[in-house]
Amino acid sequence: MKSGIARSVLVALLIAGSMPVSVMAATGPKFDQAPGGGSAGVAWSQQPRVAIKTGNNVVASATGWINLTITAGTGTTGAALTCDATTATGVTTARLDSGVASFSGCRIDKAGSGYRLTAAWSQGGSTDSNPFTITGPGGNAAKLGFTVQPARGTPGTPFAVQPSVAVKDAGGTTVTNAPATTVTLALGANPGGATLTCSGGLAVTTTNGVAAFSGCRLDKVGVGYTLSATAASLTSATSAQFDVADRLAFTTQPAGGSGGTAFTTQPVVAVRAGASATATHDNATLVTLAIKAGTGAPGAVLACTGGLSKVAVAGIATFAGCTISKAGVGYTLVASSGGLTSATSTAFSVVGGANLTITNSASVITWGSQITITVQIDQFGANRNVVVQGTRDGVNWSTVTTLNTGPSGTASSFYTPVTNLWYRASFAGAADLGALTSNTVRTVVRQISILRPTNFGAVRRVSRGAAITFVDTVRPARLELAPATVRFVFYRRAAGGAWLFHSQRDVVINAVGQSATTWRFPTTGEWYVRSQARPTPYNANSVWGPIERYSVR
């Protein structure tokens, strides 16, 4: 009974039209006006409009925005949709106004059939349009445009890049099916007062909407030329600026360095229109560097980071990491590019990259001995004057000797040190080899003390109470240093045969390096005496002299 009453109420509400809208149909976006399609790249005459609806009723209170995209899998792969409301990231968006989003300027850049658009509401839900077709280029011819810009001229020779001009519709798409049209080329900006000629003529008829010019040239240098293209009933076009140059010039000169290492100053070469004007619109000229024949060292090799050829950017070719493999003087570089007068750099030198080493034949010697000092320059070292220096304190260096290296870069010399010294070698530098300083080495000179009288290993007989004056001569003797001290020691043999210390005396040496003491043997028996020059800060390795034996009766 209750179910029958409910059905009756539902029927009555439908007839009365008082049933709530949300019950009749879901709310979501619908195309209120379908996209009309048209020519590729041309705005459609019928632009899409999307409304938020419930059933057929617009929901005027709906807010947010609609994103419009080409429905996936429809039309031509890679096609792009743009509208007046397209963002920099390619998103095509329009805001809802009273529940309706109206798009303008929409176009698709590629021809194809079966295109659909998807409209997505920011608050949820989407819908697809009916299919439509984009035809190939063929909008109304409206203007001319340069499809290939002229570039890189030299006086009287064809541009490196020859211009092409196309017939375009209002949207900028080439009208490939436009009727054959005569396009005339002329100079626009003419900074050099030049004359334009083209081997194929200044007037060319289009083929498939394009007029391709050939053999075009200008007879004078200049920076900032332009060409103009005109045709009947079409808006004319002006090319990008280009330059006509005639030479290269070093704007930054190379500045030497060591063999095999990067120049201290790297070369920069400009493309020039005349003596001083840089071809600032040139971004294509290839500039190549080489060592000028007959300069520097034979067989030297030039290398640069990224190669010996660089493309000019705004008329400037910048090189980096350039090196020359061999030391030499008077190097020059040549910069060249087809059709342009080459440039030659100023002369510079490349010095040898080398190491200077010093060695000594002994690190410890006794006074009066010789050492051999050897110096070596490992590269470019033949016939060089090398100064050997010595120092006691590591601060004040003085010349010991000067050596001249042989063909292998090596030289040696005998030297007799008189005290402890550090040694180093230095080379002052030359045009083809930089200044060098070696490592340091040290030779320690042990003091010697020579005791007199000497028995030359024999036992000398003397009487008890005999007095003998012992003299010790110390070498080296250094007048500029505090005087050394000599220690004399005296030993007597005990009854069991052991040597027992008896006494010692310390005597300072005199101005000639000698110290003396007089000893009187107090008892009979076996005695010996010996001496040592006591260690000093400059001679820390003193040794005891030999034993002098005495038999006292």
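These legends describe views of a predicted model of one protein chain.

**Figure 1**
The protein chain holds two helices and 54 strands. Along its principal axes, the C-alpha trace spans about 160 × 95 × 30 Å. Of the 553 residues, 40% count as buried. The accessible surface comes to about 26,300 Å². Carbon and sulfur atoms hold 53% of that surface. Among contacts with a separation of 6 or more, 63% join residues 24 or more positions apart.

**Figure 2. Four strands form an open sheet.**
The strand order is β7-β5-β11-β12, and the pairing is antiparallel. Which strands stand at the edges? They are β7 (92-95) and β12 (126-128). Each has a single partner strand, so one side of each is left without a neighbour in the sheet. Neighbouring strands are turned by 20° against each other on average, direction ignored.

**Figure 3. Strands β5 and β11 pair within that sheet.**
Here the view moves to one strand pair. Strand β5 covers residues 65-70, and strand β11 covers residues 117-121. How many bridges join them? There are five, and the two strands run antiparallel.

**Figure 4. Strand β22 is largely enclosed by the rest of the structure.**
Strand β22 spans residues 227-231. Four of its five residues are buried, which is why the strand counts as largely enclosed. Strand β22 pairs with β16 (residues 182-187) through four bridges. This pairing is antiparallel. The bridge partner of L185 is A229 in β22. Strand β22 is also joined to β23 (residues 234-238), by three bridges. These two strands run antiparallel as well.

**Figure 5. Strands β22 and β23 make a hairpin.**
Two residues lie between the strands. S233 takes a positive phi near 70° in this hairpin. A231 stands opposite L234 in β23.

**Figure 6. Q389 is a buried residue in strand β41.**
The strand runs over residues 385-391. Is Q389 buried or exposed? Its relative accessibility is 14%. The cut-off for buried is under 20%, so Q389 counts as buried. What does its side chain meet? The side chain of Q389 makes a polar contact with the side chain of R424, at 2.7 Å. R424 is also listed among the contacts of Q389 beyond four places in sequence. Others in that list include W397, S398, T399 and V400. W422, Y423 and S426 are in contact with Q389 too.

**Figure 7. A511 is an exposed loop residue.**
A511 lies in the loop between β51 (499-508) and β52 (514-520). Its relative accessible area is 60%. Exposed means over 50%, so A511 counts as exposed. How far is A511 from A178? The two are 333 residues apart in sequence. In space they are 117 Å apart, C-alpha to C-alpha.

Terms used. Residues numbered from 1 in each chain as written. Predicted model: local features only at pLDDT ≥ 70, side-chain atom pairs only at ≥ 80, totals over all residues. Heavy atoms only, no water. Pairing = 2+ DSSP bridges. Axes fitted to C-alpha atoms, helices over the stretch in contact; angles between N-to-C directions. Buried < 20%, exposed > 50% of the residue type's maximum accessible area, 1.4 Å probe, protein only. Polar contact = N/O pair within 3.5 Å; in protein donor to acceptor, adjacent residues only side chain to side chain. Contact = heavy atoms within 4.5 Å. Areas by Shrake-Rupley, 256 points an atom, 1.4 Å probe, with all protein chains shown as cover.
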